[in-house]
Amino acid sequence: MALLFKGGEQLYNEALDAVGRKDYSTARKKFTDANEKGYGKDGLALAYAAIIDVGSNRSNVGAYQKLADRLATLNVGSIKFGLTDIDVQDMIAECELAIKEIQASMMSDSAYMEKGNQLIAVAGEYMGRIGEKNLKLDEIFKGNTMATGNREALILQAQGYAVLGKGHVLTDPKMASEYMQMAYNFRRQLGDSGEEEYRLSQNYARSARCWICGRPASGEGIHFQSIKADIDPVFSNMSKDEIVKPVSEDSQRIYICNPCFSGISNRSDDIAREYYNEAIRELRATELRLQAEINSLRFSVNMRR
Ligand SMILES: [Zn+2]
């Protein structure tokens, strides 16, 4: 029952202790209780509660907006949350950029021009508004002191150019390859291998001639496929002087454009399905015949008893 008689100041101080212990759900409750008892410290208690709400759902646009609004009501320039010193204006910027980042990330990949350009635009804002300074929410909730505005910008640029690359591949594989190469460069700057981006950039750039119809195509795995085949030198030699070949360097595979490839695949699926249906029909017939024989045997055994 003692709890009921706690004053606002006591609750507020207990909330700060809970933040120190990283017991954020307790801290949140005590901050709001303190505020209700008239000890809101000029909006600070609710601002702290809003920080905790962002921490418990880092992809919630509404939580960031509420935090930015709460911070804007404070009449101090900096606050302290646990061990982290926070510049109020910087954290407002962090919230606004997080909102833009989430909204850009949630756009459909099919709107690749808008999405890619938006991600890249948000990257520019991270560089301009946060730059080398730390992202405090990552520091508080992930213990990550490596996250800076500039680093977030690299991540967003890698994502943005990858979206543009994957989008352009259907219409312009060469352009797609260049975008993928840029995404790869940003990944490398982040210290990642960028393996996936590199592979796609190479694949998009690769050109081949279709073994079957002779049409040229760019974009391996997208506009043409490579298929294992038996290719004797007599065949591979035929295209040895061509720049765009229908056969792989090691003469182990032929290239087939996607229209030819899908046409053949669909037809062979149809044939396979016919065989399957026929096999099932025969199986059923055999089953019925055997069942009839079992019945007749059973009948004769019963007759002998
Ligand atoms: Zn073809």
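This is a predicted model: local features need pLDDT of at least 70, side-chain atom pairs count only at pLDDT 80 or more; totals for chains, interfaces and linings use all residues.
## Helix 1 and helix 2

As for handedness, the crossing in which helix 1 passes helix 2 is left-handed.

The contact can also be read residue by residue: on the side of helix 1, the residues G8, L11, Y12, E14, A15, A18 and V19 take part, and they meet T26, A27, K30, F31, D33 and A34 of helix 2. Sorted by class, the residues of this contact divide into 8 nonpolar, 2 polar and 3 charged.

## Helix 8 and helix 9

A second pair is formed by helix 8 (residues 149–168) and helix 9 (residues 173–189), whose axes come within 8 Å and cross at roughly 160°. By the reasoning already used, with the cut-off at 145 degrees, helix 8 and helix 9 are therefore roughly antiparallel to each other. Helix 8 passes helix 9 in a crossing that is left-handed.

From helix 8, the residues L154, Q157, A158, Y161, A162, L164, G165 and H168 are in contact with M175, A176, Y179, M180, M182, A183, F186, R187 and Q189 from helix 9. This contact of helix 8 with helix 9 comprises 12 nonpolar, 4 polar and 1 charged residues.

## E197 in helix 10

E197 belongs to helix 10, which covers residues 195–205. Is E197 buried or exposed? A residue counts as buried if 20 or more other C-beta atoms lie within 10 Å of its own, and E197 is buried because 24 other C-beta atoms are found within 10 Å.

Leaving aside residues up to four places away in sequence, E197 touches A162, M180, A183, Y184 and R187. Of these, A162 is one of the residues with which helix 8 meets helix 9, while M180, A183 and R187 are among those of helix 9 in that contact. E197 and N185 are 12 residues apart in sequence, and their C-alpha atoms are 9.0 Å apart in space.

## Strand 5 and strand 6

Strand 5 (residues 224–228) and strand 6 run antiparallel and are joined by 5 bridges. Within this pairing, I227 stands opposite I254 of strand 6. Strand 6 (residues 253–257) has 4 of its 5 residues buried, so this strand is largely enclosed by the rest of the structure.

Key: Residues are numbered from 1 along each chain as its sequence is written. Axes are lines fitted to C-alpha atoms, for helices over the stretch in contact, and angles run from 0 to 180 degrees between N-to-C directions. Helices (H or I, at least four residues) and strands (E, at least two) are DSSP runs, numbered from the N terminus. Angles under 35 degrees count as roughly parallel, over 145 as roughly antiparallel, 65 to 115 as roughly perpendicular and the rest as oblique. A crossing is left-handed if the near helix is turned anticlockwise from the far one by less than a right angle, and right-handed if clockwise. Two residues are in contact if their C-beta atoms, placed from the backbone, lie within 7 Å. Ala, Val, Leu, Ile, Met, Phe, Trp, Tyr, Cys and Pro count as nonpolar, Asp, Glu, Lys and Arg as charged, and the others, Gly among them, as polar. A residue is buried if 20 or more other C-beta atoms lie within 10 Å of its own, exposed if 12 or fewer, and partly exposed in between; C-beta atoms are placed from the backbone. Two strands pair if DSSP finds at least two bridges between them.
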